[in-house]
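The sequence and structure are shown below.

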Amino acid sequence: MNKSEFLAIILYLGLVIGIGIYFFIKSSKSGGEKEYFLGGRNMSGLVAALSAGASDMSAWILMGLPGSIYLYGVGQVWISVGLLLGTLASWLFVAPRLRIFSIQANDSITIPQFLTNRFKTKNISLQVISAIVFIIVYCIYAASSIYACGQIFNLVLGIESGLAMLVATIIIVTYTFLGGFNAVCWTDFFQGMLMLGALFLTPLIVLFIMNSSSYVPPEVVFPENYYNFLSSGSFDWKSISDILTGIGWGLGYFGMPHILIRYISIKSEKEMKKSQKIGCLWTCLILILTSIVGIMGRHFFGDSIINDPNLVFIKIVRVIFPGFIAGIFLSAIIAAAMSSADSQLLASSSAFASDVYKPLIRKNASNEEMMRSGRIIVIVISIVAYFIANSPQCSGIMALVSCAWGGFGSAFGPVIILSLYWKRFTYSGAIAGISVGFLVDGLWYVFLSSYTGIYEIIPGFLCGLLAAVIVSLISKNPSQEVCDLFDSSLELIDSKEIFSK
């Protein structure tokens, strides 16, 4: 174990826990459900943008993606293309509308709550169905982050893998438990900056070293079609399925609750415009730089790490930087994992407290009781996620992330888009869209994904969209009250009014 690396990582972990303690003390004075779960709708554009990006880009962006490009070549960058297109579309077409619609819809603070209030109904079926999906999927999603943290602690610090995952789980729960949404967003902000800095400096220094007179290139055998954007070298089904799957990843942004909630938290339309620009630029840079790291890693190491390509970024950092600096940059991977895990835990916590506990268990629950119930579910999901991550059957980071990403994108993506853009959309259509999208995604994953090569989010999203539209068209027209809510929200959007509520 390198003591300098260890010191840097410990200081980083101390920072994130310190942020949690700070906001715990602060929230104990202001308090409230809205403050804990949504930061009082008072996020600045810069913090919200980097928080959305960091909570999106989990550890796979520094391990799975560069490792895949290192191993197979640039034909793997279609996932980056899909994610970039999805980011742009989500920030431009969903974020500003969702913020205003959520305020108009009885100041909703969770996605299930927004969808219910959007239809002016007291029926809580949609909230309960959504909360169940949240809890199931977030157990899988959080497991990917815990698994990644465990791998880093094991590799860098020499801690046994199971113990490393347990330590990571405790740290993540601690600052999520203490500080709520503000703690999560501010830690995500610092983690987003750290990820960008690490990815920006690493390729520059590698390029400098490779151009020096003392550098001896390793022997490397590039796979056939390594620099071909068509993974098989021709426009056959393998290449087509890779392209469709990569682009399909972009669909997930429309239904990712922990990202959508960042849009809702932004304090004004002025800050929204700032957040859109920063968020899109940050994601674009992260995806480009990650792809460059994967390609450079193949030139820098040759075939020496071909048996464990996910370590390419870690090994580059440890070779080119002194111990303490390497430890800071390795913290970027921990940052990527934690920034996703904390967001996922808080989103599932708010969904349970607001959409299950209060309407079904304790209708007169106080703010303090709501926050207690939310914190309890954080612990429960973390325990389940730990056992998933530590299971011998766990398939690794990328498999867990793709499974959770597909589930959320299929269930909520079509419903969010229709709720913001279609006045005729109905409550029954929303329930059908969530249920069918989630079910088709799961069935495709189990029975057809390996045979077709098509990512399950594509059929799940399309079937969810189709079900939502068909059921809405055969349902009774929305009430005048629902139509008025839709029209009043559009008027605010069209007027470009800047307000904070």
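## Crossing of H5 and H6

The crossing of H5 and H6 is left-handed, meaning that the near helix is turned anticlockwise from the far one by less than a right angle, clockwise being right-handed. In this predicted model, the axes of helix H5 (residues 78–104) and helix H6 (residues 111–118) come within 9 Å and cross at roughly 65 degrees. H5 is therefore roughly perpendicular to H6, a term that covers angles of 65 to 115 degrees. Axes are lines fitted to C-alpha atoms, for helices over the stretch in contact, with angles from 0 to 180 degrees between N-to-C directions.

From H5, Leu98, Phe101 and Ser102 meet Ile111, Phe114 and Arg118 of H6; contact means heavy atoms within 4.5 Å. Four of the residues in this contact are nonpolar, one is polar and one is charged.

Alanine 52 lies in helix H3 (residues 45–56). Its relative accessibility is 4%, so alanine 52 counts as buried (under 20% relative accessible area, with a 1.4 Å probe and protein chains only).

Beyond its neighbours within four places in sequence, alanine 52 is in contact with Trp91, Ile259 and Arg262. Glycine 279 is 227 residues from alanine 52 in sequence, yet their C-alpha atoms are 7.4 Å apart in space.

## Confidence and basis

The protein chain has a mean pLDDT (the predictor's confidence in each residue, from 0 to 100) of 83, and 89% of its residues reach 70 or more.

Residues are numbered from 1 along each chain as its sequence is written, and side-chain values use heavy atoms, leaving out hydrogens and water. For this predicted model, local features need pLDDT of at least 70 and side-chain atom pairs count only at pLDDT 80 or more, whereas totals for chains, interfaces and linings use all residues.

Terms used. Helix = DSSP H or I, 4+ residues; strand = E, 2+ residues; numbered from the N terminus. Parallel < 35°, antiparallel > 145°, perpendicular 65-115°, else oblique. Nonpolar A, V, L, I, M, F, W, Y, C, P; charged D, E, K, R; others polar. Buried < 20%, exposed > 50% of the residue type's maximum accessible area, 1.4 Å probe, protein only.
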